[in-house]
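Please take a moment with the sequence and the model below before reading on.

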Amino acid sequence: MVEPPVSIGIDIGGTRIKAVSVQPNGKVLSKRIEPSANCVETLIIAIRSLVDELAADDIPIGVSAPGIASRDNRSIAWMRGRMEAVEGLDWQTRLGRKIWALNDGHAAAIAENWIGAARGARHSVLLTLGTGVGGGVIVDGCLLQGATGRAGHLGHITLDMNSRPDIVGMPGSLEDCIGYHNLLERSGGRFRDTAELVQAAGAGDSNAYECWRRSVRGLAIGIASLVNAFDPEVVVLGGGIAECGPPLFEPLQQYLNEVEWRPSGVPVRIAAASLGELAGAIGAARFAAQQSAAEATR
């Protein structure tokens, strides 16, 4: 299966669109960043401009965005409450090019497994820790999308069945434990930003310390659960919360030492994501190249 010499990846976020052209060895040849919009026509104009600037007619293109991709990866089939403009939008029809769409967490998982923190691993899990918790799973070198494209929404595993439901109805979810969308509530009305919470905890604020430790312990339990389910070689943590560095990774490792099942005696490797804001675009480009190569052999 021979991949095309160059592919294009476009990651659509709430405020910005990131686009890259990438070679099969992972080298990023060029990148562009444009303002985003939750309006179909404005979004189409922006994407068409980026594609025309970066791509020749025969170059495969991948688009990543929040939501659940359709089974044929021609569109984001479900996206409620955020970026409604992408829901159901058939990119191939609107742009007249061969384009594959996938979830942004899935795209980032592909990128980190390809040339990032999980490079060389056949099995890896990515968790994106930010306002919510997303991610993706790579099994034997391939993205796990599942029967409906729902696989990889790792923030919606349950840690406490007696807690109230999260945005998709799951009680006591990992997302509600560590995501900063509800940090104000979790911190007793004191903090809206995780960095501020961590700073206060490090400065000796006992309440902030306990809030942060509860969150990190929940994350450790969530990771250990995912390790039991997928048995990865590495778990990669990305997103804004992962940028906390040692105040996150040090207590996280301590809690994992308590709860992780290690039948071989070897702990799973925990790594910080390395590709930053371009991970989604790079992963989308890689996915498009793989899909194009596979299609060419049929």
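Predicted model: local features only at pLDDT ≥ 70, side-chain atom pairs only at ≥ 80, totals over all residues.

Is serine 173 buried or exposed? With a relative accessible area of 1%, serine 173 is buried, because the term applies to anything under 20%. The side chain of serine 173 reaches the backbone nitrogen of aspartate 176 at 3.2 Å. When its neighbours within four places in sequence are left aside, serine 173 is in contact with Gly155, His156, Ile157, Thr158, Leu159 and Asp166.

Aspartate 140 sits in the loop between β9 (133–139) and β10, and its phi is near 50°, a positive value in a residue other than glycine. At 45% relative accessibility, aspartate 140 counts as partly exposed. Aspartate 231, in the loop between α7 (206–230) and β11, likewise has a positive phi of about 50° although it is not a glycine. Aspartate 231 counts as exposed, its relative accessibility being 59%, because the exposed class takes in values over 50%.

The next step is to the sheet. Five strands form an open sheet with mixed pairing, and their order across it is β3-β2-β1-β4-β7. Which strands form the edges? They are β3 (28–35) and β7 (99–103), each of which pairs on one side only. Neighbouring strands of this sheet are turned against each other by 20° on average, direction ignored. As a general point, strands of a sheet pair through backbone hydrogen bonds, either parallel or antiparallel. Here strand β4 (residues 61–65) pairs with β7 in the parallel sense over five bridges, and within that pairing alanine 65 has asparagine 103 of β7 as its bridge partner.

Helices pack on this sheet as well. Helix α3 (residues 104–115) touches β1 (7–12), β2 (16–22), β4 and β7, and its direction makes about 95° with that of β7. Helix α9 (residues 279–296) also packs on the sheet, where it touches β1, β2, β3, β4 and β7; the direction of α9 makes about 135° with that of β1.

Together with helix α8 (residues 246–259), strands β11 and β12 make a right-handed β-α-β unit.

How many disulfides does the structure hold? The count is zero, and cysteine 211 illustrates this, since the nearest cysteine sulfur, that of cysteine 177, is 9.3 Å away, whereas a disulfide needs a pair of sulfur atoms within 2.5 Å. Cysteine 211 is also buried, at 3% relative accessibility.

Key: Residues numbered from 1 in each chain as written. Heavy atoms only, no water. Buried < 20%, exposed > 50% of the residue type's maximum accessible area, 1.4 Å probe, protein only. Pairing = 2+ DSSP bridges. Helix = DSSP H or I, 4+ residues; strand = E, 2+ residues; numbered from the N terminus. Axes fitted to C-alpha atoms, helices over the stretch in contact; angles between N-to-C directions. Contact = heavy atoms within 4.5 Å. Right-handed = clockwise from strand over helix to strand, strands pointing away. Polar contact = N/O pair within 3.5 Å; in protein donor to acceptor, adjacent residues only side chain to side chain.
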